[in-house]
Amino acid sequence: MPTLGPGESIRDPDLRDRLYELLEHDHLPLSVGARIVRAVVIVIFADVLATILASVPQFDARFGPTFTAVKVMAVLVFGFEYVARLWSVAGHTPQHVSPLRDRLQYALSALGVIDLLAFLPAAVVLAFGDHATLAVLVVLPFLKLVRYSPAMRSLLAAIQAERRTLVGCIAILAGAVLLFASLLYAVERDVQPDKFGTIPDAMWWAIVTLGTVGYGDVVPVTSLGKAISVFTIVGGLAMIALPVAIISNAFADEVKRRDFVVTWGMLARVPLFSHLSASEIADIMRLLRARTIETGEILVRRGDVASSMYFITAGEVEIELPTQCVRLADGTFFGEIALLHRTKRSGTVKATRKTRLLVLDAQDFHALIARMPALAAHVTTTAKARMADSGDLAIAELSQAEHEEEA
């Protein structure tokens, strides 16, 4: 967390803004915000693991004080994080009215409630209750991963988006339970009054059968009852498949939507594409593929044939040119000059830290140039404008291209 410098106070709005950025947005690799996220996630897993192991008597007898210390540490960390978010959120909500309203909005939001439940019940139990009760609360800290896991957020967003459809599935399932339970009640009540003597008794069989669990504790014995069971089992397969298909499709769409927004935002900031329309940018996005390179990994070598153009979405690369080394970071791009002039790479590109890239292959690049005259003209203009930019391969590659044309 940031420390107070000379002249700063806890009421300093700049300090509050910086703290908000650290907690909410500064999650790029190796950034301070990313380290905070990593530390909180480690505490979450340590807290959950300690709670689980404490429920085993032999482990609790031997390591009980250690488990308690881990739980106390987790409560302090989660409590401090909650207070920091509550304080720093003022002025950073879309409907900013007043600091109090902003903080109330965060406190009553889904993530705010999860942040509060992650530490408050555990703190109360540690202070006044039986520590064994902590096992019941094990899922509450785990829910904090929703904030730090894009996949979990996407899943919750998918369920939220399809909530009406899922409610419809539940209504259909309830109708099927009532239907088959009533049929079995009518057929089996005189044969097995202890198991199918009432519709609620028969509903247990219907739920177990439709859920394809089949405990076998309640089964029909008549021929008609067995025939009804066959249709119930087949119906159960449909009941399970329907919500699974809905959620999986919605989840896939949500992930694509999230990636689309991220990619769109990055491309819209690239000068090469800033003049294009929304449909043209969407057309380019379909041609991009994602790639991640680790620290020290070489992306391209000097002398390689130019096969792709690269956009850096997060991370940093170093370009070793014949006379100098330059670095490119988030939001920058390189490689279009060599593709445009069909030259070889004039520098070696290596990741200085874990880097995420979007890659546009040469064939797709030239197809875009041929299909979009406006883009071709803008590429030529951009290439000339970037000749003085030492942060790209433009100077060396253009010089190499001119030398090869003269030869």
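## Exercises on a predicted model

α10 and α12 are oblique to each other. The model is predicted.

**Exercise 1.** Describe how α10 and α12 pack, and say which residues make the contact.

*Solution.* 
- Step 1: Locate the helices. α10 covers residues 163-188, and α12 covers residues 199-210.
- Step 2: Take the geometry. The angle is about 120 degrees, and the axes lie 8 Å apart.
- Step 3: Classify the angle. Perpendicular runs from 65 to 115 degrees and antiparallel starts over 145, therefore this pair is oblique.
- Step 4: The crossing of α10 and α12 is right-handed.
- Step 5: List contact residues. α10 supplies, among them, Leu173, Phe180 and Tyr185. From α12 come residues including Ile199, Trp205 and Leu210.
- Step 6: Sort the contact by class. It has 15 nonpolar residues, one polar and no charged.

**Exercise 2.** Which residues of helix α6 are buried, and where do they point?

*Solution.* 
- Step 1: Find the buried residues of α6 (residues 120-128). They are Ala122, Val125 and Leu126.
- Step 2: Look down the axis of α6. These buried residues fall within an arc of 100 degrees, so they line one face of the helix.
- Step 3: Find their partner. The buried residues of α6 pack against α3 (57-88).
- Step 4: Turn to the face away from the buried side. Ala127 and Phe128 are exposed there.

**Exercise 3.** Is Ala290 buried or exposed?

*Solution.* 
- Step 1: Ala290 belongs to strand β1 (residues 289-293).
- Step 2: Apply the cut-off. Exposed means over 50%. Ala290 has 67% relative accessibility, so it counts as exposed.
- Step 3: Check its contacts. Beyond neighbours within four places in sequence, Ala290 touches Leu357 and Leu358.

Terms used:
Residues numbered from 1 in each chain as written. Predicted model: local features only at pLDDT ≥ 70, side-chain atom pairs only at ≥ 80, totals over all residues. Heavy atoms only, no water. Axes fitted to C-alpha atoms, helices over the stretch in contact; angles between N-to-C directions. Helix = DSSP H or I, 4+ residues; strand = E, 2+ residues; numbered from the N terminus. Parallel < 35°, antiparallel > 145°, perpendicular 65-115°, else oblique. Left-handed = near helix turned anticlockwise from the far one by under 90°. Contact = heavy atoms within 4.5 Å. Nonpolar A, V, L, I, M, F, W, Y, C, P; charged D, E, K, R; others polar. Buried < 20%, exposed > 50% of the residue type's maximum accessible area, 1.4 Å probe, protein only. Arc of directions from axis to C-beta.
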